[in-house]
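I opened the model to take notes on its surface, its strands and how they pair. My entries follow.

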Amino acid sequence: QVRPVESGGGLVQPGGSLSLSCAPSGRTFSGSTIAWFRQSPGKEREFVAALRWNENSKHCADSVKGRFTVSRDIAKNTVQLQMDRLTPEDTAVYHCDANPSRLIVSRLWNGENYEDWGQGTQVTVSS
């Protein structure tokens with residue numbers, strides 16, 4: 001198991017930026033697919049972005065494309081989610097999910113394809 005652990009959430013004003021980090025506690029991310037999902041009260045869980053570690057391929061939801069960037073840090077063995085131009089609609093608990101294998105693109109968006117997920121970190125965008 002990968003057992004991802006998130007960090008970096010907090011309170012930010014509209015238009016601001018935050019960076020989230022996801023690190024594995026059970027093993028390395030090598031060979032894995034790592035994704036960010038978010039959920040806010042009364043809404044369904046939503047796919048945000050995914051990264052396939054070995055090939056460094058990145059995929060973002062249309063709702064955040066151009067504002068959010070997912071990347072990896074090989075030296076630190078972490079996956080980052082850089083969030084820019086945040087809006088109140090981005091307020092949610094953000095979870096890092098992981099699958100120890102490479103998922104095909106058509107399966108990236110579905111949370112049921114990930115085996116491990118973290119506790120989540122709260123992101124609040126408010127003035």
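I started with the surface. The accessible surface of the protein chain comes to about 6300 Å² (Shrake-Rupley method, 1.4 Å probe). Carbon and sulfur atoms account for 48% of that area.

A note on what I am reading: this is a predicted model, where local features need pLDDT of at least 70, side-chain atom pairs count only at pLDDT 80 or more, and totals for chains, interfaces and linings use all residues. Residues are numbered from 1 along each chain as its sequence is written, and side-chain values use heavy atoms, with hydrogens and water left out.

Next, overall dimensions. The C-alpha trace spans about 40 × 30 × 25 Å along its principal axes. For 127 residues, a compact globule would have a radius of gyration near 14 Å, and the protein chain agrees with 13 Å. That radius is taken over C-alpha atoms, and the globule rule is 2.2 Å times the number of residues to the power 0.38.

Secondary structure: I count zero helices and eleven strands. Helices are DSSP runs of H or I with at least four residues, strands are runs of E with at least two, and numbering goes from the N terminus.

Which strands form the open sheet? The order is β1-β3-β8-β7, with antiparallel pairing. Two strands pair if DSSP finds at least two bridges between them. β1 (4-7) and β7 (68-73) stand at the edges with a single partner strand each, so one side of each has no neighbour in the sheet. The twist averages 20° from one strand to the next, using lines fitted to C-alpha atoms and angles from 0 to 180 degrees between N-to-C directions.

I then turned to β5 (residues 46-52). Is this strand enclosed or open? Six of its seven residues are buried, so β5 is largely enclosed by the rest of the structure.

β5 pairs antiparallel with β4 (residues 33-39) over six bridges. Trp 36 stands opposite Ala 49. Their hairpin has six residues between the strands, and Gly 42 takes a positive phi near 80°.

β5 also pairs antiparallel with β6 (residues 57-60), over four bridges. Here Arg 52 has Ser 57 as its bridge partner. This hairpin has four residues between the strands, and Asn 56 takes a positive phi near 55°.

Definitions and conventions
Buried < 20%, exposed > 50% of the residue type's maximum accessible area, 1.4 Å probe, protein only.
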